[in-house]
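I opened a new structure today and kept notes as I went. Here is the entry.

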Amino acid sequence: MNFSEVFKQTNQLCKVSPDGKYLATCVQYRLVVRDVSTLQILQLYTCLDQVSHMEWSSDSLFILCAMYNRGLVQVWSLEQPDWHCKIDEGSIGLVSSRWSPDGRHILNTTEFHLRVTVWSLCTKAVSYIKYPKACQKGIDFSRDGRYMALAERRDCKDYVCVFVCDDWHLLRHFETETQDLAGLEWSPNGCVLAVWDSCLEYMVLLYSLDGRLLSTYSAYEWSLGVKSVSWSPSSQFLAIGSYDEKVRILNHITWKKITQFEHPAIIDNTKTVYKEAEKRPGVGSDEMPLHNITMGATLFNTQSKYEICPLPVQIPVVKPDPDRASPKIGISVLAFSSDSRYLATKNGGFQVQSLNWHCSGDSLILLGKEQLCLCYMDTDQEDK
């Protein structure tokens, strides 16, 4: 693997554009846009304050920079560097900002979740949505970008609002059978909406677009419940990660469990386990002769490879501290491959911060605190 020089960034604000051509990083109040192939700086923008959140539009033409401390949002254009947009929420404050799927509307959530403001970059029109609920995942868009589902809390009850994204009019409004709704997510085909309760109660509910309750699922009671939910790209499977360190898979026909996966600290029931091995060549050795070292080269060029580990394998686990709030236990991340054949999961104690599948579906990107790993799936063998 080859590595570039180190670039500065703040608050881990470093994102590649959806088309894969540009890399945007934020350093304090500056926004830097680079070309991915050459890493040369293409544009340099100056924001009014330190950037708290940065996000690309879906067509990679605009970049949103939110400054929550000042209640400001600035939008920059790559095609027209002199053009920019500033949105000031004023004294009502700002806690969240994001793009709509069309890349021409911005949704701002005010402090105390009093309302969601929808700003149009084309018509400058403004729409207001009241009573958004402060929860883990209170807003989700359908895959085609036509509908938005919003979790709502009023009169001590949970509701779901379905809006049409063309003109932001309300299409459906129905009450959910949850005690404290924690999140919602559309299926990729846009036919089913999954809603789950808080961690205090294991409850997953499946609703149709018109608000009909299709099914409910609860694996157990009187213990911490659902922590993460993810649909497969084919919409045929729903993966549910819970605090008991297990993943349960539901099918889309009967909405019953078809299988479950555990996360033992010792692996002894699989045939192949790969471990990354690092090697740092010494200065003057055959791998790094002195005459090849230039001013731009690093003396600590790290090479890595994957070795097969003998079974059983002990996975490094960080034990959670029960005295701290929100202990790191349970399945926090679920990620299906693009062909829905593989499912990657992250257990709370494992030393992995995030994981994502490559678009090809045959490689998995693991991000740790100090490492980034790219794992390839051997599709020629039955045991991976």
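**Entry 1: the model.** I am working with a predicted model.

Entry 2: I looked up the strand order E13-E14-E15-E16. These 4 strands form an open sheet with antiparallel pairing. I then checked its edges. They are strand E13 (139-141) and strand E16 (169-175), and each pairs on one side only. Next I followed one pair. E13 meets strand E14 (residues 147-154) in the antiparallel sense, over 3 bridges. Within this pair I found aspartate 140 opposite alanine 149 in E14.

**Entry 3: another sheet.** I moved on to E17-E18-E19-E20. This is an open sheet of 4 strands, again written in that order, and its pairing is antiparallel. I looked at the pairing of E20 with strand E19 (residues 204-208) and counted 4 bridges, in the antiparallel sense. One bridge I noted links valine 204 to its partner in E20, tyrosine 217.

**Entry 4: tyrosine 207.** I picked this residue from strand E19. Is tyrosine 207 buried or exposed? Its relative accessible area is 2%, and the cut-off for buried is under 20%, so tyrosine 207 is buried. I listed its contacts, leaving out residues up to four places away in sequence. Among them are Phe174, Glu175, Cys191, Val192, Arg212 and Leu214. The side chain of tyrosine 207 reaches the backbone nitrogen of glutamate 177 at 3.2 Å. I also checked alanine 194. Alanine 194 and tyrosine 207 are 13 residues apart in sequence, and 6.5 Å apart in space, C-alpha to C-alpha.

**Entry 5: threonine 176.** Tyrosine 207 also touches Thr176, which I looked up next. Where does threonine 176 lie? I found threonine 176 in the loop between E16 and E17. Threonine 176 counts as buried, at 4% relative accessibility. Which side chain makes a polar contact of 2.9 Å with that of threonine 176? I found that of threonine 178. Not counting residues up to four places away in sequence, threonine 176 touches Asp158, Tyr159, Val160, Leu181 and Tyr207.

Terms used. Residues numbered from 1 in each chain as written. Predicted model: local features only at pLDDT ≥ 70, side-chain atom pairs only at ≥ 80, totals over all residues. Heavy atoms only, no water. Pairing = 2+ DSSP bridges. Helix = DSSP H or I, 4+ residues; strand = E, 2+ residues; numbered from the N terminus. Buried < 20%, exposed > 50% of the residue type's maximum accessible area, 1.4 Å probe, protein only. Contact = heavy atoms within 4.5 Å. Polar contact = N/O pair within 3.5 Å; in protein donor to acceptor, adjacent residues only side chain to side chain.
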